[in-house]
Amino acid sequence: MRIAILSRNSSLYSTRRLIEAARDRGHEVDVLNPLSCYMNINARENSIHRHGKELPYYDCVIPRIGASVTFYGTAVLRQFEMMGTYPLNESVAISRSRDKLRSLQLLSRKGIGLPTTGFADQPQDIPDLIDMVGGAPLVIKLLEGTQGIGVVLAETAQAAESVIEAFMGMKSNIMVQEYIREAGGADIRCFVLGDKVIAAMKRQAKPGEFRSNLHRGGSASLVKLTPAERATAVKAAKTMGLNVAGVDILRSNHGPLVMEVNSSPGLEGIEQATEKDVASQIITFLEKNAKAHKTRTKGKG
């Protein structure tokens, strides 16, 4: 197969592993910076160009689109889809998952466990917003934040009011969530591929920190999932429409709670913690599904 990987940096661990796994199985791989791609959109024949030349046809495309380039990156991915290329994750699913508030609303509609979450625009609603999520301590999150950036733990109601007011004053969109104390600064990253969790790790925050992101000094270890956790992770990914997802779960006194569904989960932490070849499993999934996609779309205009 001819595979395109949409990535701004071919030296990143996840991109390198996908290149290695695909080439080991005899596939041709090109890494394309989505920002260097531009599109010809017309009623007869759509195309994608790069550096003054039209790109060839690709059997499948692996989007590794960073949050900062979601809008343009998903537009390029959508163009590939229109040209008949099979996407590992569809553009609409990536856009859906990147909108944190919308994704939580969709998950709640499916009855998936979540931390109680509040969202408001007016400062006069702050006291009720705080009460809504069970009072302090509580977590305040920027909707546009990634890798733990823009996430604040407010220990008291007074501190929560001050932080929320500050964010509102800067016209930043934030949501407020209940703090799950019993999680102990740990969460579980479930790596979902298709309809299965193929790997999982526990991420533990460093001492004095409540954010468990590996980018913030958290540690990763192997973890055994319960049937409920596996089912929750798969259902969350399916709700977003994602074939590949990193589903972050908190262990609470009332069952697994989904914090976030990541449409471009990193491979380094999960492969090192579990010693599983996740990259090769992704390529195997692509081989099977790209072939079926081509059969389904053959002859369609």
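The structure is a predicted model. An unreviewed UniProt entry lists D248 and E260 under "binding site". D248 lies in strand β15, and E260 lies in strand β16.

**D248**
- Strand β15, which holds D248, spans residues 244-252.
- D248 counts as buried because its relative accessibility is 4%, the cut-off for buried being under 20%.
- The side chain of D248 forms a polar contact with the side chain of R203, at 3.1 Å.
- With neighbours within four places in sequence left aside, the contacts of D248 include D187, I188, R189 and R203.
- Also in contact with D248 are L257, V258, M259 and E260.

**E260**
- Strand β16, where E260 is found, covers residues 255-262.
- E260 has a relative accessible area of 33% and is therefore partly exposed, as this class lies between the limits of 20% and 50%.
- Apart from neighbours within four places in sequence, E260 is in contact with K100, G246, V247 and D248.

**Open sheet**
- Four strands make up an open sheet in the order β2-β1-β6-β7, and their pairing is parallel.
- At the edges of this sheet are β2 (28-32) and β7 (86-87), each of which pairs on one side only.
- Strand β1 (residues 2-6) runs parallel to β2 and is joined to β2 by five bridges.
- Opposite A4 stands D30 in β2.

Definitions and conventions:
Residues are numbered from 1 along each chain as its sequence is written. This is a predicted model: local features need pLDDT of at least 70, side-chain atom pairs count only at pLDDT 80 or more; totals for chains, interfaces and linings use all residues. Side-chain values use heavy atoms; hydrogens and water are left out. UniProt positions are given in the numbering used here, feature names are shortened, and annotations may be inferred rather than shown by experiment. Helices (H or I, at least four residues) and strands (E, at least two) are DSSP runs, numbered from the N terminus. Buried means under 20% relative accessible area, exposed over 50%, partly exposed in between (1.4 Å probe, protein chains only). Contact means heavy atoms within 4.5 Å. A polar contact is a pair of N or O atoms within 3.5 Å; within protein, one must be able to donate a hydrogen and the other to accept it, and residues adjacent in sequence count only if both atoms are side-chain atoms. Two strands pair if DSSP finds at least two bridges between them.
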